[in-house]
Amino acid sequence: MVYPDGTVALRDVSFEVKDGEFLGVIGLSGSGKSTLLRCINRLLEPTSGRIIWNGKDITHLPQGELRTVRREIGMVFQQFNLVKRSSVLTNVLSGRLGYTPPSWALANRFSRQDRQMAVRALERVGIPEKAHNRADELSGGQQQRVGIARALMQEPKMILADEPVASLDPVLAHSILGYLEKLNTEDNITVLCSLHYLDLVQRYCERVIGLRDGKVVFEGSKDDIAKMSDERFREIYGEDAVRMGGQ
Amino acid sequence: MAETKNTQLTENPRGSLLHAVLSLIVPGLGQFVAGARSRGISLLLTVLTLFGLSMWTVAQRARFPEYAMATSVYFRIVLACAALLLFLLAIRHLLTRFVLKDPLAETFTMYGVVIVFFVLMVWVGDDILATVVSAEQLSQIHAGTALYSGGALAALWLWQVGDAARVGNTKQLPLNRDGSKRFPTMAGAIVIACLLVFALGYNLTGVDMPKAIREYQDVGILLPRILWPWRAAFAYDQEVFEVVQRIQAPCTDEAAAPPSNPVLDDDPWVSATPTCGELSSRPVTGGLILGTELTITGGNFVPGQEVLIRWANPIGNPFTPRGMGETTIIIDENGEFETKLNIPDAVISPETATGAQVHSLIIRQESVQVFGGRLSNEMQLALIGLLETIMIGLMATFFGIVAAFPLSFLAAKNLMAPIMSAPERIVGNVLGLLAGGWAGLQVTDFVSDRLGGLDQAPVQIFLVGMIAVLGLGYLGLQLGGRLSEALLSRLGKDGGYWAAAGLLAALAGFPGYQMGLGFSRGVRAIVLGAEVAAINEEFYGWIGAVLAAAITLLYLYRKRSTRRVPIGLMLYAVIRTILNVVRSVEALIYAIIAAIWVGLGPFAGTLALTLHTIASLAKLYSEAIESIDPGPLEALDAVGANRLQSIVYAVVPQILPPVISFTVYRWDINVRMSTLLGFVGGGGIGFILLQWIRLYQYEAVGIAVWLIAITVALLDYVSSEIRERFV
């Protein structure tokens, strides 16, 4: 993946994710984690290479068909990416837009089923009472839960979580990742999650990919991380890295 | 490193003589040679421009027959100023060298030189001029402009000479971080240039403070009427009472004197005693012999207001008593009055003035009904005009929103930039849009015939036309794109691309042909004359067509690797350019055109203001769109929402507050603008305001100005209140 200004963000990255897996992506800021996740649902167009989704090459799908692929892949963002001035319910409902006819948007209309589904999604993340609040009235952790509820509306087969807890404090981080874990185990949703902290990786991920300067420099199970030597660790995180919060 | 060099510079500010001399001869040359290219060029251009500008100003004001003569005169003035300045600088140099050795003195003595130079210009400027310019020439030029602009020009010239010396000595220049030389600041030159422009502006705008003070009286008379015009805002019903007492002159025995009028209970009355007597007379010897004194009493008049006492002669013509004038009396609080009056000398021809004559003593009261006032005509006109004005602003804003809101999405870079399209698709889009638009027009025509023409059902036909053209155009755009993509894909990947490129080039030929014709008619016709240019204008049309096609092909050739054209950015650029051009022309100018188009009146104003409003609101809205948080947009893309859904759910909620704020602000501006639109025939209060100004009806003018001011202030307050709620 090369950006228009010539920055090479990813190079020779190749990996496979199994259905129902919880895959962690680690690496320094700027190592290409976000780019990698955004290439998967083609928010960024990869300059070369292929993306295979359920055995189908989606790298060059036209916009119309891409829509049907994207709606099966939920995404959770570091900055939550909620529409701050809209209500929580509207934000959650907007996760359903991939399934609704576009012209309904002009009338701002969702079906009754969709509305009930949105309430259920909010119940699942534990904030049904906030449905009619404005999104920016919620705390950071609550906003991220709305983000997860929005992804849930897509009935996703996979969730891409781009540093979902980097803007939250550690206690909330566990709560948010707990929800993702629950979706992973209960609904068998594949989760691809980029993370900063190793202890979070060890706690939640089944498998881990380490990126550095756009290249995969590490791949292994969470036991591998637990056993990882400091030198190996520095290879991923660079010279100044210090292990934090780990055992 | 840089630090040490910096100190060296201040300790040893020795410059390069060579570069200084070069710049003395040609401004900026020294800097240019020393490697500061752009500095040298901009200095040269600045000096030349300012010299030309000041010279032209001086010559214009002087009405010189020849500019060459003006140049030489002006050049001499600049030289004289430069000499004076050099003299002062020399004194400063000696002063700082031998007397004031403090480094601070460097700066302060420079201020001193500037102040002394300016003072000398003001006090002995004329003498300086007289030494270099002959008295005759001096009488022909504007001494002030010449002197002050010349002084500034001399200063600028000398400044850049000194600058060349500093810049030329490249070894002493401090270095930037990247190793390039850091040139000294140009603040001095900029300040001098600003002063020069100020001096020119002062004279060109004819600033004349003494005149403003001296002739204040002229405006002093009418100002109160404009500032407090409310007397003219109301009209009062008047009640007129006229009662008559007959007076006979002279008293005779044959005819009985008329009776004194009785005292009435309810109606106004007047009675005089006696009711006969001698007229006043003017003997040939001069003077005036007063006639009989009458005691006049009256009652039941309106208290506190005046009555007029007049006379009428025996045949009923009222007259004003000579030497006495009309008498007015203020009625007391009981509605009564009592006064004494001599019978005046009646102007009656001696033949008829025989025997006893019966004159009439008339008491007239024109009472004003203070509490029965109503709005005067002027006030009513002003109010109607004001209402019209507000409505013009409102309608223009309304139409503006309707047109600008959709446009603004096309003019927002962040939304348009990601839109890439394949040429295979664009061909179909263009053809489909044209076909759809044409079909829409046919539908409109058909409907128009059915409804009996535009005059019969204008609103219906307009609506049908809008919907048909826009709807079918959009349908054509979509269907055409899909159709052409499907068809061209049969030619294989490369074949389809190049076939599309060929078709697009052919399409570009049409506007190219028109532009070629336009060039022939617009540019060649000026040089060759319209008849000659018309002979082979088709040839130029074809050149234009071929050029446009070639450019299109070349562009698509360069895009062959990605097979995608940034059509969104192109549309964005076109729409932004159009909006900027439309916005840069004032609504007043549009109103002049609209007044010719649809006639004088509020519709012309609305039309003009709408055009301007669309352009500026679309710009403001699109800037609001460009500054949204891209996060939600990205999230909705990830969800699988299409463009329309993203706009409704991610863009619109974010831009709503600024859009409301901008719209209210624009409405505020529009009402303010529409007060002036009437000046050029756009209707509203301005229309009558201009008439009143031309008729010198300053009280009416004052009413209009007050109403405008009140409305604008209120609107300003309301609009800022509304905007505060939404930000």
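How much area do chain B and chain A bury between them, and what percentage of it is on carbon and sulfur atoms?

1. Chain B and chain A bury about 2,000 Å² between them, with 63% of it on carbon and sulfur atoms. Buried area here is the accessible area (1.4 Å probe) that two parts lose on being put together, summed over both.

2. This is a predicted model: local features need pLDDT of at least 70, side-chain atom pairs count only at pLDDT 80 or more, and totals for chains, interfaces and linings use all residues. Residues are numbered from 1 along each chain as its sequence is written, chains are lettered from A in the order in which they are written, and side-chain values use heavy atoms, leaving out hydrogens and water.

3. On chain B, 20 residues are in contact (heavy atoms within 4.5 Å) with 31 residues of chain A.

4. Two salt bridges are counted between chain B and chain A; the term covers a side-chain nitrogen of Lys or Arg within 4 Å of a carboxyl oxygen of Asp or Glu. D629(B) and K84(A) form a salt bridge through their side chains, at 3.7 Å from N to O. By class, the side of chain B that touches chain A has 12 nonpolar, five polar and three charged residues.

5. The largest nonpolar core has 86 residues, of which V92(A), L122(A) and V651(B) touch the most other members. Such a core is a set of buried (under 20% relative accessible area, 1.4 Å probe, protein chains only) Ala, Val, Leu, Ile, Met, Phe, Trp, Tyr and Cys residues joined through side-chain atoms within 4.5 Å.

6. Leaving aside neighbours within four places in sequence, V92(A) is in contact with residues including A118(A), L122(A), V146(A) and M153(A).

Definitions and conventions: Ala, Val, Leu, Ile, Met, Phe, Trp, Tyr, Cys and Pro count as nonpolar, Asp, Glu, Lys and Arg as charged, and the others, Gly among them, as polar. Buried means under 20% relative accessible area, exposed over 50%, partly exposed in between (1.4 Å probe, protein chains only).
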